[in-house]
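User: I would like to go through this model by question and answer. Please begin with the terms behind the fold pattern.

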Amino acid sequence: MGDRPEDHDDEDDGVAKKKRENRPVRKVCIKDTDMPPQLQTDVIEFIQEGLDDHKLPKDIARYVKTKLDETTNGTWHVLVGCHFACNATHDAGTLLNVLLDTTAILLFRNGPPQKTSA
């Protein structure tokens with residue numbers, strides 16, 4: 001027992017569930033979005049996980065970008081901080097500008113949805 005890959009997945013799910021249960025309550029304020037609701041929910045969970053596990057904005061951004069790159073297609077851009085401005089072109093249905101407590105997060109996809117090999 002415990003040597004099968006599914007056993008490790010169960011352990012990982014248990015750890016993730018415990019982290020979610022112990023997570024501090026953060027006020028989520030969506031400033032602007034054109035994302036479908038299910039993707040918004042997934043992205044906000046990725047952001048919450050990033051805030052749980054990392055302190056520096058660059059590490060939070062890297063975590064969220066990695067999760068988006070793994071779960072969706074395209075090239076994602078993630079900005080995390082307290083004070084920034086941005087003017088960018090994004091793919092339709094991929095923009096989320098959200099404030100979690102005092103941390104602002106702007107993310108969007110720009111570029112071809114599928115990476116092609118040369």
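Analyst: Helices (H or I, at least four residues) and strands (E, at least two) are DSSP runs, numbered from the N terminus. The model is predicted.

User: Which pattern does the protein chain follow along the sequence?

Analyst: The protein chain has three helices and four strands. Read along the sequence, these elements give the pattern α-β-α-α-β-β-β.

User: What share of contacts between residues at least 6 apart in sequence joins residues at least 24 apart?

Analyst: A contact here means heavy atoms within 4.5 Å. Among contacts in the protein chain between residues at least 6 apart, the share joining residues at least 24 apart is 59%.

User: Is R109 buried or exposed?

Analyst: R109 is placed in strand β4. Its relative accessible area is 17%. Buried means under 20%, so R109 counts as buried.

User: Which backbone oxygen does the side chain of R109 reach?

Analyst: Leaving out residues up to four places away in sequence, R109 touches N73, G74, T75, W76, H90, D91 and T94. At 3.4 Å, its side chain reaches the backbone oxygen of N73.

User: Which residues lie closest to the centre of the largest pocket?

Analyst: The largest pocket holds about 190 Å³ of space. Of the 14 residues that line this pocket, the closest to its centre are F84, C86, L95, N97 and L106.

User: How many residues of the lining of the largest pocket are nonpolar?

Analyst: β1 (28-33), β3 (96-100) and β4 (103-109) each supply at least two residues of the lining. By class, the lining has two charged residues and three polar ones, and the nonpolar residues number nine.

Technical notes
Residues numbered from 1 in each chain as written. Predicted model: local features only at pLDDT ≥ 70, side-chain atom pairs only at ≥ 80, totals over all residues. Heavy atoms only, no water. 1 Å grid on protein atoms, 1.4 Å probe; cavity = no way out; pocket = protein on both sides within 12 Å on 5 of 7 lines; lining within 4 Å. Points joined across faces, edges and corners; volume = space filled by probe spheres on them. Nonpolar A, V, L, I, M, F, W, Y, C, P; charged D, E, K, R; others polar. Buried < 20%, exposed > 50% of the residue type's maximum accessible area, 1.4 Å probe, protein only. Polar contact = N/O pair within 3.5 Å; in protein donor to acceptor, adjacent residues only side chain to side chain.
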